[in-house]
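Take a look at the fold before reading on.

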Amino acid sequence: MTPRASTVARPMRFAAVALLLLAMAGCATAPSVAPQRSALAHWTPSPNFNARKAQLIVLHHTSIGDPAAALRVLSTRNSEGPVSAHYLVEADGRIDQLVDDNARAWHAGASRWAGMTDINSSSIGIEIDNDGNSPFTQPQIQALVNLLADLTARLGIPREAVVGHGDIAPGRKNDPSVQFPWATLARYGFGLWPDPTLLPAPPNFDSLAAMRLVGYDVGSPRNAIIAFHRHYRAMETDALDATDAAILYSLQRKLMAPRQ
Ligand SMILES: [Zn+2]
């Protein structure tokens with residue numbers, strides 16, 4: 001019995017060793033980070049990026065209103081220097097991906113959010129094809145919502161961590177414009193949004209401190225208020241009122257509530 005058992009076992013041992021060697025060879029040659037690309041988008045790579053990991057999603061409008069021209073700007077060296085974004089969402093709902101999700105695209109510029117300053121290193125940038133004045137199209141917003149669902153699930157980015165370029169660069173950037181439907185995004189569960197029924201803020205409520213808690217750089221209160229108004233009230237005025245305080249009180253309660 002013993003010799004027979006040994007002749008059966010030997011080929012199995014050789015097979016196990018061969019499999020182990022194959023696995024080791026695989027480890028030695030496998031890339032350390034797998035490419036992260038959305039199945040929803042056409043891969044049209046831009047060379048303008050560095051490597052990094054995302055925690056935030058930043059939305060832009062292109063100001064161009066011509067997807068071919070926008071793709072050119074996002075993939076080439078321009079007179080004002082090279083720029084890029086991970087995605088471009090066109091008016092008809094087509095999504096182009098220009099930079100791998102694990103790489104650092106060049107879309108935010110000098111920005112600040114929740115104490116972070118190198119936003120390019122910590123964010124996904126999504127350009128939305130729009131001239132800066134017109135309404136965003138329904139297929140475009142639906143495509144954006146699908147992309148946000150894909151990105152937050154795949155990359156583990158919190159669903160509320162979706163902001164505008166204007167939010168992170170107050171006084172310098174104003175995109176996406178007041179036309180952008182933040183409330184629609186909130187209905188799909190993206191971005192930080194107040195409760196539908198607002199409670200009045202308590203006496204002595206500090207709206208600027210609440211804005212800082214939300215993430216805004218309040219170094220220039222006027223610029224921060226304009227950015228906050230663009231995002232939450234579709235207007236660009238610079239004086240805080242009772243409605244702002246109620247919105248900020250709601251946002252503050254959401255941010256300070258224990259996570260489910
Ligand atoms: Zn922008």
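## A loop between two strands

Start at Ala114, which sits in the loop between strand S6 (103–105) and strand S7 (123–128). The model shown is a predicted one. Ala114 has a positive phi, near 50°, although it is not a glycine. Most residues other than glycine have a negative phi. Ala114 is exposed, because its relative accessibility is 51% and the cut-off for exposed is over 50%.

Ser111 belongs to the loop between S6 and S7 as well. Is Ser111 buried or exposed? Ser111 counts as buried, at 7% relative accessibility. A polar atom of its side chain lies 2.7 Å from the backbone oxygen of Ala108.

## The whole protein

Now step back. The protein has eight helices and eight strands. It has 260 residues, and 42% of them count as buried. Consider the contacts between residues at least 6 apart in sequence. Of these, 71% join residues at least 24 apart.

Leu148 is part of helix H3 (residues 138–155). Its relative accessible area is 0%, so Leu148 is buried. What does Leu148 touch, leaving aside its neighbours within four places in sequence? The contacts are Ile57, Ile126, Val162, Leu185 and Phe190.

Leu148 and Tyr188 are 40 residues apart in sequence. From C-alpha to C-alpha, they are 9.7 Å apart in space.

## Two backbone features in loops

The peptide bond between Asp175 and Pro176 is cis, with omega about -5°. Most peptide bonds are trans. Pro176 is placed in the loop between helix H4 (165–168) and helix H5 (182–187).

Further along, Asn204 lies in the loop between H5 and H6. Asn204 is not a glycine, yet its phi is positive, near 65°. With a relative accessible area of 81%, Asn204 is exposed.

## Helix H6 and its buried face

Helix H6 covers residues 207–214. At its start, a side-chain oxygen of Asp206 comes to within 3.2 Å of the backbone nitrogen of Leu208. After H6 comes Gly215, with a positive phi near 140°.

Which residues of H6 are buried? They are Ser207, Ala210, Met211 and Val214. Viewed down the axis of H6, these buried residues fall within an arc of 105°, so they line one face of the helix. The general rule behind such a pattern is simple. An α-helix has 3.6 residues a turn, so residues three or four places apart point the same way. What do the buried residues of H6 pack against? Their partners are H7 and H8.

## H7 crosses H8

Helix H7 spans residues 221–233, and helix H8 spans residues 242–256. Their axes come within 12 Å and cross at roughly 75°. H7 and H8 are therefore roughly perpendicular to each other, since angles of 65 to 115 degrees count as such.

Now look at the side of each helix that takes part. H7 contributes Phe228, His229, Tyr232 and Arg233. From H8 come Thr243, Asp244, Ile247, Leu248 and Leu251. By class, this contact has five nonpolar, two polar and two charged residues.

Asp241 is in the loop between H7 and H8. How exposed is Asp241? Its relative accessible area is 34%, so Asp241 is partly exposed. Its side chain reaches the backbone nitrogen of Thr243 at 3.1 Å. Thr243 is also one of the H8 residues that meet H7.

Asp241 and Ser207 are 34 residues apart in sequence. In space they are 9.3 Å apart, C-alpha to C-alpha. Ser207 is one of the buried residues of H6.

Conventions
Residues numbered from 1 in each chain as written. Predicted model: local features only at pLDDT ≥ 70, side-chain atom pairs only at ≥ 80, totals over all residues. Heavy atoms only, no water. Axes fitted to C-alpha atoms, helices over the stretch in contact; angles between N-to-C directions. Helix = DSSP H or I, 4+ residues; strand = E, 2+ residues; numbered from the N terminus. Parallel < 35°, antiparallel > 145°, perpendicular 65-115°, else oblique. Contact = heavy atoms within 4.5 Å. Nonpolar A, V, L, I, M, F, W, Y, C, P; charged D, E, K, R; others polar. Buried < 20%, exposed > 50% of the residue type's maximum accessible area, 1.4 Å probe, protein only. Polar contact = N/O pair within 3.5 Å; in protein donor to acceptor, adjacent residues only side chain to side chain. Arc of directions from axis to C-beta.
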